[in-house]
Amino acid sequence: MSEPGPTPATPARIGLLGHGTVGSAFTSLISERSAALTAAAGRPVELAGTLTTTQGSFDEILAASDLIVELIGGIEPAREYTLRALNQGKPVITANKQLLAQHGDEIFAAARENKVQVRFEAAVAGVIPIIRTIQESFGTIRIDRVFGIVNGTTNFILSEMAATGASYTETLARAQELGYAEADPTEDVNGADAAAKMAILARLAFHTPVTLGQVEYEGIESIRADDLAYAKELGLSLKLLGVAERRPAAPPDAPDAADATAPEGISVRVFPCFLYGGHPLAPISGPFNAVMVEAPEITEVTMSGPGAGGTETAAAVLGDLTSVLAGSAPVSEPREQLPVVTDVSSSFYLHLEVADRPGVLAQIATLLGDEGISVKSVVQRGLSEDARLTMVVHETPEPRFKAALQRIAELDLMRSPPRSIRVIEEAFG
Ligand SMILES: NC(=O)c1ccc[n+]([C@@H]2O[C@H](COP(=O)([O-])OP(=O)(O)OC[C@H]3O[C@@H](n4cnc5c(N)ncnc54)[C@H](OP(=O)(O)O)[C@@H]3O)[C@@H](O)[C@H]2O)c1
C-alpha cells in the first residue's frame, strides 16, 4: 500500500474590490507571479471574487475571502468595505491615499482592535517601498524628517517647463496627452494629492495622528516659465516638495518670548521649492517620485522610482499581499501626540519687477534688513524702463518674510506683484 501524498495546502482567497487601472494590472500580476507568490505565502493564492460597479456583491465576496484588496479609490464605499472586512478579522490591502489621509484613525483603530493587518504601500509614492521602510526598517529610530517628490504629474510638468521653456498651461496639456495628468488634474496641481500622501508619511514617521486637514499645501498653478529660466542662472531647479519634519521644543533662552514656551511639534507641508544642483532630489525629473528620510542613526536615505502606473502600483499591492500572507506585524498604536505646527523658517527665492532707477536695490535690501532677512545672491537685469531683480534670501521665519513681502508689494517702484518660492539651502554629499 502506497503512502498518502502531502495534503494540498488550503488556498488563500482574495476578494478584489475594483478592476480598473490598478485592479486589472493586479489580476494579471497574481496570475503571472503565481509560483513565486505560492512559494512566499506557503500556499496557493486564488481570487474569490471581483467587485466593480457592474459586477459582484460585496457581501458574497467578503464571505468567500480570507483578505480584501481595495482598489476602488475615493471615500465611500471604500471606507465602509474596509471597516467591515477589518471588523470581521480579515486583513485589508489598499492603494487609497485619500481614505487613509482622511479616515486613518478609524481604520488603524479597527485593524488594532481586530488584530489584523492593513497594508497600504501603493498609497504613497507608487512603487517606492517607503511605507515598509518607515514602519519596519526605521520603526524604532527617531526620524527627524521625511520629505520628497510624491506627485509624478507635477514633477513631470516642472521638469518639462524647465527643459522646454513652455508655459504651465501648454505643459499641462502635454502631460494630459501623454497620460501623466488626468482629465481633471486639480488635486495633483494644487498639491492636495501630495498633501494626502504627506499626512500618511507623517503619521508613520512621527507615530502621531495626522490628518489631511492639518497639512498646509500650495500647488504649482502659478509657476511661470520665467521663474524657471531665471532660477537656472542661480543654479536652482524647481520641485513640488512634501516636507514632514520635527520642530524641536524651543530652548529656555529663546530670544523671542513667544517661542520660549513652544513645545516639540511637527510641521507637514507641501509647496513648490527650489533646490540647488547638489541636492539628491534635484536630478529627479519626469513622472518619477523620490523620498528622503533623515534620522541621526541613518544620516539620510533616498529612494526613487515611478510614482504611478497600473502595473507599478499593482506591484506594490503584490508586495503587500506577500507580506500579509507571510505574516508580519499588524499596525501599532500611535505612541506620541505631537502638535502639528505652522510657524516655520524657510529660505526664499524672490522675483521683483521694479523701476530702473538708482537706489532701488538699496531700498529693498533695507526693507528686508528691517525684518532681519539677509540676501544670499542677486541677479539684476534691465528691461528698457524697468529692471528685474531675482534673489535668494537666507532662512528666515516665514511670518517675517511675509511681512517684508507685503511691504515690498506696497512700494511705488514695483511694476508687478512680487513673486516668491521657497528654497532648500542645504548642501549634500
Ligand atoms: N492609477 C494609478 O496609477 C494609481 C497610482 C497609485 C494609487 N492609485 C490608487 O489605486 C486605487 C484605484 O485606482 P485606479 O486608477 O485603478 O482607479 P479606476 O481605474 O478608476 O478603477 C476603479 C475601479 O473601482 C470600481 N468602482 C468604482 N466605484 C465603485 C463602487 N461604488 N462599487 C464597486 N466598485 C466600484 C470601478 O468599477 P467599474 O470598472 O465598473 O468602473 C473600477 O473597476 C485608487 O485608490 C487610486 O488612488 C492609483
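**Strand pairing and the ligand site**

Strand E12 (residues 345-355) and strand E14 (residues 386-397) pair in the antiparallel sense over 10 bridges. Pairing requires at least two DSSP bridges between the strands; strands are DSSP runs of E with at least two residues, numbered from the N terminus. The model is predicted: local features need pLDDT of at least 70, side-chain atom pairs count only at pLDDT 80 or more, and totals for chains, interfaces and linings use all residues. Residues are numbered from 1 along each chain as its sequence is written, and side-chain values use heavy atoms, without hydrogens and water.

Strand E13 (residues 375-383) also pairs with E14, antiparallel, over 8 bridges. Leu389 of E14 is the bridge partner of Leu352 and of Gln380. The hairpin of E13 and E14 has 2 residues between the strands. Ser384 in this hairpin takes a positive phi near 50°.

A polar backbone atom of His19 lies 2.8 Å from a ligand oxygen. For Thr21, a backbone N or O atom is 2.9 Å from an oxygen atom of the ligand. A backbone N or O atom of Gly309 is likewise 2.9 Å from a ligand oxygen. Taken alone, the ligand exposes 900 Å², of which the protein buries 68% (Shrake-Rupley method, 1.4 Å probe).

Conventions:
Polar contact = N/O pair within 3.5 Å; in protein donor to acceptor, adjacent residues only side chain to side chain. Helix = DSSP H or I, 4+ residues; strand = E, 2+ residues; numbered from the N terminus.
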